[in-house]
Structures are given as C-alpha cells and as structure tokens.
Amino acid sequence: MTPDHLSATFSALADPTRRAILARLALGEAAVGELAEPFDMSLPAISKHLKVLERAGLIARGREAQWRPARLEAAPLKDAANWIEHYRRFWEQSLDRLGDYLRELKAKEKEKKSGPKQ
Amino acid sequence: MAPSNNSGGKLTERTVLVTRVFDAPRSLVFKVWTDPSHLAQWWGPKGFTNPVCEVDLRLGGMLRIVMRAPDGAEHPMTGVFREIAPPERLAFTNIALDAAGMTLLEGLTTVTFAELGPERTRLTVESRAVARVDFASRMLEGMETGWTQSIDRLGEYIAKLRAVR
C-alpha cells in the first residue's frame with residue numbers, strides 16, 4: 001500500500017462519526033438511513049461521510065439498490081495499523097538471517113581448517 | 001534527517017531498536033555488513049533475495065539494494081553513508097522506494113558493533129524512520145492515543161465475522 005492510500009485512510013479515520021460508522025458496518029452492511037439513525041445528522045451529511053470512507057477504500061457501496069448499502073473493507077485498516085510493525089520486522093528478520101549467515105561462515109571456516117587432516 | 005522533519009514541531013518519526021548478540025568476532029560482523037557480496041546474503045526479510053547490492057563504503061558514498069520478495073515483487077532501496085568507523089559504528093540513510101521510484105519511507109540507521117569477547121559481538125541497530133507524507137504524523141499520534149489498537153481489534157473482529165459467514 002502506498003503512503004497516499006494510507007494518508008487517505010488516516011484522514012478518513014480522524015473523524016469520530018466516520019469511526020462510529022465503521023464500527024456499525026463491522027456488524028454487517030447497512031443503508032444510509034440505518035447509519036444515520038444513531039446520529040443527529042441529515043442523510044446528506046452521512047452520505048458525505050460515506051463518500052470519504054469510500055474514497056479511502058474503507059467501505060464499498062452496492063450499485064444495484066436505490067439505497068446503496070455500505071459494507072466494510074478491512075484491508076486498509078490492517079495496513080494502517082501495521083506500518084511501523086512491518087519496519088520493525090524488516091530489521092528483526094534481517095538480523096535473524098545475519099545470525100544464520102555468520103553461523104554458516106563459521107561452519108565453512110571450520111571445514112577449511114580441518115579439511116587437510118581428513 | 002528527512003525534509004518532512006523540519007515541517008513543524010509535531011512528532012513525525014518513530015525509532016526501531018533491535019539488538020542481537022552473535023558468536024563471531026566484531027571485525028567479521030562489520031565485514032558482512034559492509035562487503036556487498038556478504039550483505040546480499042542476509043539483507044531483508046525471510047525468503048527475500050537481493051539481485052542488486054552495491055556498496056560504496058565512503059562518507060557520502062551510496063548504498064543501493066534491490067530486494068526481491070518470494071512473489072517476485074522488487075523493492076528498491078537507496079541510501080548514503082553518514083558515518084563509517086570500522087569496526088565500531090556505521091550510519092547510513094535508507095530510503096525505501098515504490099516501483100515508480102517514489103519515496104515510501106526514509107530512515108537514518110545507526111549500527112553499533114560492541115566487542116563482548118574475541119568471538120562475541122553485540123550488534124545494535126537503531127533506525128529512526130519517517131514517512132514522507134503526512135500519514136506518518138497522524139499514524140504516530142494515533143499510536144500514542146491507542147486508537148490503532150482498536151483498529152486492530154476491529155480488523156480482527158471483521159476477519160472473524162467473515163470467517164463465520
């Protein structure tokens with residue numbers, strides 16, 4: 001995932017209403033009307049939030065129905081939360097491999113030294 | 001380090017600190033870090049290879065590595081040496097690029113080689129990383145307030161819900 005996508009993800013998540021919408025969608029897809037119920041907001045205002053979430057790739061909306069039910073797309077959320085962990089894992093795994101490689105070199109060196117005797 | 005660092009007083013970077021002790025002499029550990037024929041053998045996550053690995057070990061010299069993932073995807077990385085003190089310290093910038101050459105992440109990495117014995121070396125990697133777009137500061141602030149944990153939980157919860165269906 002590119003930083004541009006992540007950037008969109010984070011701006012979308014910066015708003016408490018949008019986070020609440022995502023939490024509701026975690027329970028299953030819902031139409032705009034249903035999503036608007038818990039909030040003191042107009043349908044157009046909720047639609048605006050849904051558009052932001054849709055652009056960030058956090059939700060997908062059905063094309064077929066008049067109400068265009070929204071559903072959650074989980075992948076961008078996972079990526080956003082894991083970014084720094086990926087970087088840490090990069091170093092941890094590299095150094096694990098470095099340790100393996102040093103052991104290999106040592107084994108080869110031993111072989112060379114004991115070689116002529118055998 | 002990164003230009004984005006100067007854009008304001010906000011916390012925009014994150015430090016990763018990893019330490020390992022190896023049963024090998026310090027000079028050898030330093031060598032496998034700085035000799036490209038050795039470096040290419042271990043750099044990167046498990047299962048990755050390094051078809052390109054160039055090291056110009058001078059102050060201001062370039063480091064250029066192209067990692068190839070098990071799925072064939074290539075991940076280029078470049079950097080510049082900022083400190084070379086054999087066999088004790090090494091510092092370099094590391095810039096991860098996407099396929100189009102755009103910067104994804106910029107880091108300043110300092111590697112310290114401590115001699116614990118003739119055959120024992122403690123290696124410490126400290127990498128300050130900053131992402132070149134504004135998502136970094138939002139993400140890092142978010143981590144402080146803990147909301148990413150809820151996102152993680154939300155993600156896991158969604159995965160569970162999907163598995164049940």
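# A guided tour of chains A and B

Start by selecting chain A: buried residues make up 27% of its 118 residues, where a residue is buried if 20 or more other C-beta atoms lie within 10 Å of its own, exposed if 12 or fewer, and partly exposed in between, with C-beta atoms placed from the backbone. What you have open is a predicted model, in which local features need pLDDT of at least 70, side-chain atom pairs count only at pLDDT 80 or more, and totals for chains, interfaces and linings use all residues. Residues are numbered from 1 along each chain as its sequence is written, while chains are lettered from A and ligands numbered from 1 in the order in which they are written.

**Stop 1: chain A**

Switch to a cartoon view of chain A, and you can look for five helices and two strands. Helices (H or I, at least four residues) and strands (E, at least two) are DSSP runs, numbered from the N terminus. From that end, the order of elements in chain A is α-α-α-α-β-β-α.

The average for chain A is 79, and 77% of the residues score at least 70. Where in chain A is confidence lowest, and where is it highest? Helix 1 (residues 3–13) of chain A has the lowest mean, 67, and helix 4 (residues 43–55) of chain A the highest, 90.

Next, select residues 16–25 of chain A, which form helix 2. Its buried residues are Arg18(A), Ile21(A), Leu22(A) and Leu25(A). They lie on the same side of helix 2 of chain A because they cover an arc of only 100° around the axis; the arc is that of the directions from the helix axis to the C-beta atoms.

**Stop 2: the sheet strands of chain B**

Move to chain B, which has four helices and seven strands. Along the sequence they follow the pattern β-α-α-β-β-β-β-β-β-α-α. Of the 165 residues in chain B, 25% are buried.

Select strand 3 (62–68) of chain B and strand 4 (residues 74–85) of chain B. These two pair in the antiparallel sense over seven bridges; two strands pair if DSSP finds at least two bridges between them. Find Arg68(B), whose bridge partner in strand 4 of chain B is Glu74(B). Five residues sit between the strands in this hairpin, and Gly72(B) takes a positive phi near 95° there.

**Stop 3: the largest core**

In soluble globular proteins, nonpolar side chains tend to be buried together. A nonpolar core is a set of buried Ala, Val, Leu, Ile, Met, Phe, Trp, Tyr and Cys residues joined through C-beta atoms within 7 Å. The largest one here has 26 residues, and Leu102(A), Phe22(B), Val29(B), Trp33(B), Ile65(B) and Leu123(B) touch the most other members.

Centre on Phe22(B). Leaving out residues up to four places away in sequence, Phe22(B) touches Gly99(A), Leu102(A), Val29(B), Thr121(B) and Leu123(B); two residues are in contact if their C-beta atoms, placed from the backbone, lie within 7 Å.

**Stop 4**

Select Ala24(B), in the loop between strand 1 (13–22) and helix 1 of chain B. Is Ala24(B) buried or exposed? Ala24(B) counts as buried because 21 other C-beta atoms lie within 10 Å. Beyond its neighbours within four places in sequence, Ala24(B) contacts Leu102(A), Lys106(A), Val29(B), Glu119(B) and Thr121(B).

Finish at Thr124(B), in strand 7 of chain B. Thr124(B) is partly exposed, since 15 other C-beta atoms lie within 10 Å. Draw a line from the C-alpha of Thr124(B) to that of Thr19(B): they are 4.4 Å apart in space, yet 105 residues apart in sequence. Not counting residues up to four places away in sequence, Thr124(B) touches Thr19(B) and Thr112(B).

Methods:
pLDDT is the predictor's confidence in each residue, from 0 to 100.
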